[in-house]
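Here are some friendly notes to read alongside the model. Please keep the structure open while you go through the points.

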Amino acid sequence: MEQLAQMTQAMTGNDFLKNAGSEPLDDAAYIQQQVQWYNESPGKLTGYDCPACRNKGSIAFLQDGNITMQTCTCVKKRQALRNVRCSDLAANLERMKFQNYQCGEPWQTQAKEKAMDYCREKGTPWFYIAGQSGTGKTHLCTAICGELLKRGVRVQYSQWASVYREMQSFQKRDECFQKLCRAQVLYLDDFLKIGTPEKNREIAFEILNERYLRGKATILSSETGIAALYRLDEAIAGRIVERCENGKYCVEIQRGSGRNYRVKSHTA
């Protein structure tokens with residue numbers, strides 16, 4: 001409403017009369033003219049061209065004889081685009097999409113289908129994908145994050161190596177922990193990639209248990225399979241499997257020669 005008032009103050013009564021014609025306007029017609037002028041005037045928002053609000057982010061309309069402002073649907077789209085641009089995944093989102101994930105083998109098709117199914121889930125389930133290096137785990141998780149970001153969901157991307165170091169730093173520990181726990185969706189890449197078993201158990205349980213209790217969606221990619229995860233710590237594994245819809249969104253790619261496509265691309 002403040003934006004509308006500032007814009008209409010710049011127009012004199014004569015301006016409205018000129019736009020409407022030579023006949024004087026009664027109060028109702030004058031208000032209607034204000035609404036029309038506001039809705040037809042261009043705004044200054046960037047990043048998305050909206051024909052509905054003309055890039056102002058709001059639309060004026062009459063309700064019970066008064067001017068009311070309604071937030072345009074483009075505001076959510078603009079927020080989603082900002083999420084993508086500001087994401088730590090921004091550099092990979094364009095090339096790591098579902099349509100770019102090559103499915104030359106049945107296990108790749110199955111992994112992709114699980115990831116796409118996850119994107120259609122309601123609520124805040126978790127997603128866990130395990131497999132050797134080069135099997136496309138990061139690609140699929142990034143594609144999931146891209147879909148979520150486009151819906152306006154805020155995604156925090158962190159690599160386990162960085163988390164492991166910061167959680168052992170007196171200066172950075174609390175800030176790191178709070179950032180990971182508050183994230184609407186957390187994507188931990190290369191989960192348990194480095195670290196001693198004792199420290200991994202301690203740090204992983206602290207972060208994942210807090211997100212488990214808060215009901216926050218979590219995405220994890222790792223070289224550690226579910227069985228190995230149970231051997232490391234049953235409490236951690238149990239929480240992951242439960243939040244992955246009792247294992248529905250636990251994807252494990254079996255090790256095998258020729259499955260490291262990162263190596264194959266360099267040796268082809």
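**Notes on the model**

1. Let me begin with a loop residue: Asn246 sits in the loop between α12 (234–243) and β7 (250–252); helices (H or I, at least four residues) and strands (E, at least two) are DSSP runs, numbered from the N terminus. Its phi is near 55°, a positive value in a residue other than glycine. Asn246 counts as exposed, at 66% relative accessibility (buried means under 20% relative accessible area, exposed over 50%, partly exposed in between, with a 1.4 Å probe and protein chains only).

2. A word on the basis of these notes. This is a predicted model, in which local features need pLDDT of at least 70 and side-chain atom pairs count only at pLDDT 80 or more, while totals for chains, interfaces and linings use all residues. Residues are numbered from 1 along each chain as its sequence is written, and side-chain values use heavy atoms, with hydrogens and water left out.

3. Leu192 also has a positive phi in a residue other than glycine, near 65°. Leu192 belongs to the loop between β5 and α10, and it is buried, with a relative accessible area of 10%.

4. Not counting residues up to four places away in sequence, the contacts of Phe191 include Tyr128, Trp160, Leu208, Leu229 and Ile240 (contact means heavy atoms within 4.5 Å).

5. Please look next at α9 (residues 173–182), where Cys176, Phe177, Leu180 and Cys181 are buried. Down the axis of α9, these buried residues fall within an arc of 120°, so they line one face of the helix (the arc is that of the directions from the helix axis to the C-beta atoms). Asp174, Glu175 and Arg182 are exposed on the face turned away from the buried side of α9. Among the elements covering the buried residues are β4 (155–159), α8 (160–166), β5 (185–191) and α10 (197–214).

6. The packing of α9 against α10 has an angle of about 35°, with the axes 9 Å apart (axes are lines fitted to C-alpha atoms, for helices over the stretch in contact, and angles run from 0 to 180 degrees between N-to-C directions). Contacts include Phe177, Leu180 and Cys181 of α9 and Ile207, Glu210 and Arg214 of α10.

7. Helices α10 and α12 likewise deserve a look: they pack at an angle of about 35°, with axes 9 Å apart, and their crossing is left-handed. Among the residues that meet here are Ala204, Leu208 and Tyr212 in α10 and Ile236, Ile240 and Arg243 in α12.

8. Finally, how do α6 and α7 pack? Helix α6 (residues 106–119) and α7 have an angle of about 20° and axes 10 Å apart. The two are therefore roughly parallel to each other (angles under 35 degrees count as roughly parallel, over 145 as roughly antiparallel, 65 to 115 as roughly perpendicular and the rest as oblique). The contact is made by Ala111, Lys112, Ala115, Tyr118 and Cys119 of α6 and Leu140, Ile144 and Glu147 of α7.

Technical notes
A crossing is left-handed if the near helix is turned anticlockwise from the far one by less than a right angle, and right-handed if clockwise.
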